[in-house]
Amino acid sequence: MLDKTKQDWTSLAAEIEFEGRAFINGRYQDALAGETRPTMSPGDGQKLTDVANCGTEDADNAVGIARSAFESGVWADMAPADRKMVLVRWAELIEENADEIALLECLDVGKPIADTTGVDVPSAIRTIRWSGEAIDKVYDEIPPTPANSLALVQRLPLGVVAAIVPWNFPLSTTAWKLAPSLATGNSVILKPASNTPLSALRIAGLASEAGLPDGVLQVLPGPGGSLGRHLSLHEDIDGLTFTGSTEIGKQLMIYSGESNLKRTFLELGGKSPNIVFADADLEKAALFAAIAVFYNGGQTCTAGTRLIVENSIREKFVEMVVEKSRNWMPGHPLDPATTMGPMIDAAQLKTVADYVGIGQEEGASLMFGGKQVMTDSGGCYHEPTIFDGVNNNMRIAREEIFGPVMSVIGFDDAEEAVQIANDSIFGLAGAVWSNNINTAHKVARAVRVGTMGINNYFGGDITVPFGGFKQSGNGRDKSMHAFDDYTELKTTWIEFD
Ligand code: NAP
């Protein structure tokens, strides 16, 4: 795929036929009120296409269809081995259309084409294939009961599940939600982020082609504040799975309590610590310190935005990280050489610029970047930016910026490093760099986050659970543990005479 040039990708982009209609009951349809809204390309600010703007009436219609599909048993009661075949075929169809889907994600999200071809699409394929292949290998339980009885503990699907996803990893988060919820037999309504609906709409059609029965999957694009809220408050939705901000996640817990106590699982924000000890492989640690923050323009929930460095090497190490950061100057998403694309939109660019100003007012030292660039492009590009001399009480160390801004904080010993790392409302991810196995393990265990790397950042794959401690969420995406979020445990107790 990377044998293609920017010109090749630009020509392919010109040929794409965008699908912007909602996907309901196995076919693409306009919103009931006929409303649309444009979706724009962050790379150049140009309109890509019009997308259905679904409202509460579309939600009610989709919930009714999903409920009928669930109650009919057409999917929920299908043998797991047969559900597996559909999901595996779906993964194959995504693979057969990989270039087109990678291009959609690149245009809609502004992600570099090297990332969408190399990470987002392969990850979605693997997630769907893996969950499909796993589902006919999950056994239920027979507990150790007295001899005159037999008990069965079974996992049954929740019923109708709503999935609400963000704009920063639309395809990956869609796959993380759809693969386990469908594998376990639920009917699902997915609401993509308003900014980035295109890849989810495209793969929904492929699910039908793979044999997913009509009505089992609906994709409704539309505004979070009305459509998303309505789904979250819906009395006939049994489960809600969400990836997005902590602010909206808290709201969803309230909606669940105000309605039918639907099972609500949240994957939320982060302010992740990346801890570097003096005895680490500093060359590798510096390379990954930059990757940890600037990958996806810092619009990553697990971004290692707090670089916590042993004071004895801090000055030298920051210089090394500055050097590595030069490889992350933004470029056009369709250029295969681009490592970092634009911010998703002007609002996000303004947020980043505001925090750069806040960091300076708070007294941190701007070591690199700090400015908007490529202003003639029509897109919202920002330099990789590094602040040194940050105190963990500063706002740039406490709040999720969701942009390419790194805050460097010094420490003197392991205890202080852990104390700083844990002094956050978030607990999503982190890493520790040290060649002393004792230090590395002790620190990794003590940091209260869902995923911790030792001498790597962003390590992991579909085989391991992903999710947060504290205000970074509950529940887990990926691995067999994801099935827990989409099933109820049912006990059947049998007694013999
Ligand atoms: P967001 O503003 O919370 O939006 C996420 C989704 O929720 C969107 O589809 C949005 O729709 C919808 N929404 C907004 N208000 C809603 C409401 N009142 N009721 C129901 N749904 C509502 O988050 P974002 O800005 O798209 O994404 C960035 C955030 O996601 C960051 O905080 C990031 O850390 C987090 N994130 C977490 C993970 C993880 O796995 N932990 C992964 C990726 C991202 P609209 O698009 O229409 O607003």
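An oxygen atom of the ligand sits 2.6 Å from an N or O atom in the side chain of serine 245. The protein covers 87% of the 910 Å² of accessible area that the ligand has on its own; accessible areas come from the Shrake-Rupley method with a 1.4 Å probe, and for residues only the protein chains shown count as cover.

This is a predicted model, in which local features need pLDDT of at least 70, side-chain atom pairs count only at pLDDT 80 or more, and totals for chains, interfaces and linings use all residues. Residues are numbered from 1 along each chain as its sequence is written, and side-chain values use heavy atoms, with hydrogens and water left out.

**The ligand and its surroundings**

| Residue | Atom in the residue | Distance to a ligand oxygen atom |
|---|---|---|
| Serine 194 | polar side-chain atom | 2.5 Å |
| Glycine 244 | polar backbone atom | 3.3 Å |
| Serine 245 | N or O atom in the side chain | 2.6 Å |

How many residues surround the ligand? There are 30, and the closest are Ser194, Gly224, Ser245, Leu268 and Glu400. A residue is near a molecule or strand if one of its heavy atoms lies within 4 Å of it. By class, the shell has 16 nonpolar, ten polar and four charged residues. Here Ala, Val, Leu, Ile, Met, Phe, Trp, Tyr, Cys and Pro count as nonpolar, Asp, Glu, Lys and Arg as charged, and the others, Gly among them, as polar.

Helix H8 (224-233), strand S9 (239-243) and helix H9 (246-258) each supply at least two residues of the shell. H8 gives the most, with four residues. Helices (H or I, at least four residues) and strands (E, at least two) are DSSP runs, numbered from the N terminus. The ligand lies between domain 1 (6-268 + 473-491) and domain 2 (273-462), because both give residues to its shell. The domain bounds come from an automatic or database domain assignment.

**Strand S7**

Five of the five residues of strand S7 (residues 187-191) are buried, so the strand is largely enclosed by the rest of the structure. Buried means under 20% relative accessible area, exposed over 50%, and partly exposed in between (1.4 Å probe, protein chains only). In a regular strand the side chains alternate between the two faces of the sheet. In S7, Ser187, Ile189 and Lys191 point one way, while Val188 and Leu190 point the other way. S7 pairs with strand S6 (residues 160-164) in the parallel sense over five bridges, where pairing requires that DSSP finds at least two bridges. Valine 160 stands opposite serine 187 in S7.

**Loop residues**

Most residues other than glycine have a negative phi. Asparagine 25 has a positive phi of about 55 degrees and is found in the loop between strand S1 (22-24) and strand S2 (27-29). Its relative accessibility is 32%, so asparagine 25 counts as partly exposed.

Serine 434 lies in the loop between S19 and H15. At 2% relative accessibility, serine 434 counts as buried. Asparagine 435, in the loop between strand S19 (429-433) and helix H15 (437-446), counts as exposed at 54%.

How values were computed: A polar contact is a pair of N or O atoms within 3.5 Å; within protein, one must be able to donate a hydrogen and the other to accept it, and residues adjacent in sequence count only if both atoms are side-chain atoms.
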